[in-house]
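Subject: Structure handover

Hello,

Here is the structure we talked about handing over. Please open it alongside this note, as my findings follow below.

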Amino acid sequence: MEVIEILREVSNKIYENVKDLAGTEHAAGDFGRGAGGDISRNIDIIAEKTVLDFLKEINFPCVVLGEECGRVELSKEPKGFVIMDAIDGSANAVRGVPFFCSSLAFATENKLSSITDGVITNLHNGEMYWASKDKGSYFNQEQMKVHNKDPIYKIVGINTSGASTELMKKLHPIFENHNHTRHFGANALEMALFARGLMDIFIDLRDKIRIQDIAAGYLIVKEAGGLLLDANLNPLDADLSYDTRVSFIAAANQKILDEIMSQINE
């Protein structure tokens, strides 16, 4: 099996195993803090176990970097890293808000820029977003591209959860000048929606995002033709360490990027 086929198959298995859990008492529980720093919930544990069990079953030689389980070496001669956020949007999943996903990516080296395959699956309905390097991005079976025309409604995705007062002051002109700002609570799935052309720009400048949150989205956005930059407007890259936190901007084109970034208060 090709790597992308492995990621897609196990993503489907996650969906089958958790689709009826969201919003139920069985979704929650407190299993302590996972490797990523958040409280691990039962739905997180079930989803991660699904991935680990499958990779072991097919003897896939890799090192898993999981949001909850941490670093799990499944081979002494790994081909690379499976970067896993088995449930992104855990709060939504536990409460039953229908916006949460799984995010799985494969990297050959200890860098975001070495990611070769990524899959994001909407765990509310099973819709799948996926990409392989130099082969384009897909929504289910249809190739997708970022929105690159003047939109009827300009939609600005912007994550401000837990943002500092200082950052909110910097971002204030964006909220003042745009009537359609959005944040739904699962960065990976929002990156997928952006890549599908449903948002024009997606911004997260909090310096809080973990690699597991954006690994699959990183490739899916780039293969869909989007610009993906760090807070200094350089091409986004980072190592895969658990200590790494990033800010990023995903923009459909240079025009929208220049427009929005010119409005930020320095």
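Lys 255 and Asp 150 meet through their side chains in a salt bridge, at 3.5 Å from N to O. The pair ties distant parts of the chain together, 105 residues apart. Lys 255 sits in helix H7 (residues 254-261), and Asp 150 in the loop between strand E8 (142-144) and strand E9 (156-158). Both Lys 255 and Asp 150 are exposed.

Some ground rules. This is a predicted model, in which local features need pLDDT of at least 70, side-chain atom pairs count only at pLDDT 80 or more, and totals for chains, interfaces and linings use all residues. Residues are numbered from 1 along each chain as its sequence is written, and side-chain values use heavy atoms, with hydrogens and water left out.

Now the terms. A salt bridge needs a side-chain nitrogen of Lys or Arg within 4 Å of a carboxyl oxygen of Asp or Glu. Buried means under 20% relative accessible area, exposed means over 50%, and partly exposed lies in between (1.4 Å probe, protein chains only). Helices (H or I, at least four residues) and strands (E, at least two) are DSSP runs, numbered from the N terminus.

**Other salt bridges**

The search of the whole structure finds 8 salt bridges. One of them joins Lys 49 to Asp 53, with the closest N and O atoms 2.6 Å apart. These two residues are 4 apart in helix H2, so about one helical turn separates them. Asp 53 is partly exposed, at 35% relative accessibility.

Asp 213 and Arg 210 form another, at 3.5 Å from N to O. Salt bridges with shared partners join Glu 67, Arg 210 and Asp 213 into one network. Asp 213 is buried, at 5% relative accessible area. Arg 210 is buried too, at 12%.

**Cysteines**

How many disulfides are there? The count is 0, with a disulfide taken as a pair of cysteine sulfur atoms within 2.5 Å. The closest cysteine sulfur to that of Cys 62 is in Cys 69, 10 Å away, so the gap is too far for a bond. Cys 62 is buried, with 0% relative accessible area. Cys 69 is partly exposed, at 31%.

**A charged patch**

Glu 2, Glu 5, Glu 9 and Glu 57 form a negative surface patch. Patch residues have over 30% relative accessible area and no salt bridge; like charges are joined within 9 Å, and nonpolar side chains (Val, Leu, Ile, Met, Phe, Trp, Tyr) within 5 Å. Glu 57 belongs to helix H2 (residues 42-57). Its relative accessible area is 62%, so Glu 57 is exposed.

**Positive phi angles**

Asn 59 is not a glycine, yet its phi is positive, about 55°. It is found in the loop between H2 and strand E1 (63-66). Asn 59 counts as exposed, at 66% relative accessibility.

Asp 134, also a residue other than glycine, has a positive phi near 65°. Look for Asp 134 in the loop between strand E6 (128-132) and strand E7 (137-139). Asp 134 is exposed, at 69% relative accessibility.

**A covered helix**

Is helix H5 (residues 187-195) mostly covered or mostly open? Mostly covered: 9 of its 9 residues are buried. Among them are Leu 189, Met 191 and Phe 194, along with Asn 187 and Glu 190. Gly 197 follows H5, and its phi is positive, near 95°.

Best wishes

Conventions
Areas by Shrake-Rupley, 256 points an atom, 1.4 Å probe, with all protein chains shown as cover. Lys, Arg positive; Asp, Glu negative; His and termini not counted. Charge placed at Lys NZ, Arg CZ, Asp CG, Glu CD.
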